[in-house]
Amino acid sequence: MKILMGAATLALAVSISPADAAALKAIPTPLNPAKAYILVEYKRVPNPYSGSPLAPKYLPQMAGLALARYDVEHGDIRGLGKAAVNPLPAKASPTEPFQNRPIVKTETSVLFLHEVEPDTYVVQGWANTSFSLGSYRFEAKPGTVVDLGIVSAATDWAVGEQPKPMTAGRLVGLALAGPFAKMPAPVPYRVSFHPRGESDIPVPAGFPRDRVVPVTFENGATFGNYLGGLVNRVEGVNAPHGEGPGETSPSK
Amino acid sequence: MRTEWMRKLRELDQWKVRDLFFTGGVNEADPKWREASKVYASATKARLVIVTLTMLLFEGVALASPPAYFYKPSVERSTFDQEFGNCVELAGGAKATPHSLYTPNLYAAAIGGFFGGIMASRQRRAMVESVMRICMADRGYRRVIAPKGVLRELASKSDIDRAGRLFELATLPTPLGEVLPR
């Protein structure tokens, strides 16, 4: 039994990658010149049931951005797919997943700071959606804080489709049919960024001002579906702001 | 021009990697064997997605959308193969959330696993459908409800022949069926 426990502990220790990237809970002073920092603010989502007794005004931040190290030359995430020839050092993960560890929290927003290895990064996804069809990439240079600004996410409903309200009859039907119930099709997310303004959380005073640089996004980064969920463009294929980049109207 | 996954399917059939795998007697250090293993894994994934798409198309699973094919009359065969193949590859990455149940009761575990498997399978099919729909819409394709006669015809074809027939349907001057929203 002890041998089994020891083997399980060893296997667990081997499976955990060393932390080469992390969401910080405080501003490091001074900044590590060998690392890059990514600052991003999320607007909190209002709770539709906030009128109920004891219900919070905003929903908890359950999902967020996944960032990944990107190989511009091969057009994929480093060490994966087309960029398998450009791997990361052993045990380093190319993905910086969402970690709910804000450095500043207000009633309407949360501010996150990620300490990462300097590299080219891509906005890989949000929650269960991978922006494999086209996303933003940006440079994170050593000793600097890249300010991504304010990000907000929305479900990318197709034209003419909207969520159906959950009525009592529908709820009973779902409960009775169980795994055979007719389910709505899953819908991917899309995200949008805008620069930090006066109504947003200001850049914390602990940062050296000359080290904070606003992000410069380059669009069009494509990669494989490594998050294992749905896919979309970062701005949304079905977004109402315009037709998809490849859209053509078929003749009938 | 055939897409990468089509080439892999052909290689799979030519090299009979599956036979090699199950009959044993292979040298795993052989670079040719390692390459063949990669081809087998990739082609198997592509085939799984095609089978899933076929199920979506023909069996009418209890999803919100009807069985449909993709339509874009101006597309070339090589472009269709490439775009369809890319979307199939992205759909191959979809993984359903595993449903696990722990109980000391063997019968309860079996029943839970059975229904959990059904739900996970449905979830994966729904995800594959969503990925194909979004990916092909991004490339300018529209969905068209497939008539029953077309479904029966497609069901009788092999994977490669089915891809050819799907291209013919995609480029018809007039779509065979109702054009759905993107």
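Student: Is B:Cys87 buried or exposed, and what is its relative accessible area?

Tutor: B:Cys87 is buried, with a relative accessible area of 0%, where buried means under 20%, exposed over 50% and partly exposed in between, using a 1.4 Å probe and protein chains only. This is a predicted model, in which local features need pLDDT of at least 70 and side-chain atom pairs count only at pLDDT 80 or more, whereas totals for chains, interfaces and linings use all residues. Residues are numbered from 1 along each chain as its sequence is written, chains are lettered from A and ligands numbered from 1 in the order in which they are written, and side-chain values use heavy atoms, with hydrogens and water left out.

B:Cys87 forms a disulfide with B:Cys135, the two sulfur atoms lying 2.0 Å apart; the cut-off for such a pair of cysteine sulfur atoms is within 2.5 Å. One disulfide is found over all chains. The angle about the S-S bond is -80°, and the link is left-handed. It joins distant parts of the chain, since B:Cys87 belongs to helix H4 (residues 77–92) and B:Cys135 to helix H5 of chain B, 48 residues apart; helices (H or I, at least four residues) and strands (E, at least two) are DSSP runs numbered from the N terminus. B:Cys135, too, is buried, at a relative accessible area of 0%.

The contact, meaning heavy atoms within 4.5 Å, takes 32 residues from chain B and 34 residues from chain A. The two chains bury about 2700 Å² between them, 59% of it on carbon and sulfur atoms, buried area being the accessible area (1.4 Å probe) lost on putting two parts together, summed over both. Within chain B, B:Ile134, B:Asp138 and B:Arg182 lose the most area to chain A, together 27% of what that side buries.

B:Asp138 also forms a salt bridge with A:Arg233, the closest N and O atoms being 2.6 Å apart, and the rule, a side-chain nitrogen of Lys or Arg within 4 Å of a carboxyl oxygen of Asp or Glu, finds one salt bridge across the interface.

The whole structure holds 15 salt bridges over all chains, among them one within chain A between A:Glu41 and A:Arg196, at 2.7 Å from N to O. A:Glu41 lies in strand S2 (residues 36–43) of chain A and A:Arg196 in the loop between strand S11 (189–194) and strand S12 (212–214), so this pair ties together parts that are 155 residues apart in sequence. Both A:Glu41 and A:Arg196 are buried. A:Asp200 counts as buried at 8% relative accessibility, whereas A:Lys43 is partly exposed at 29%.
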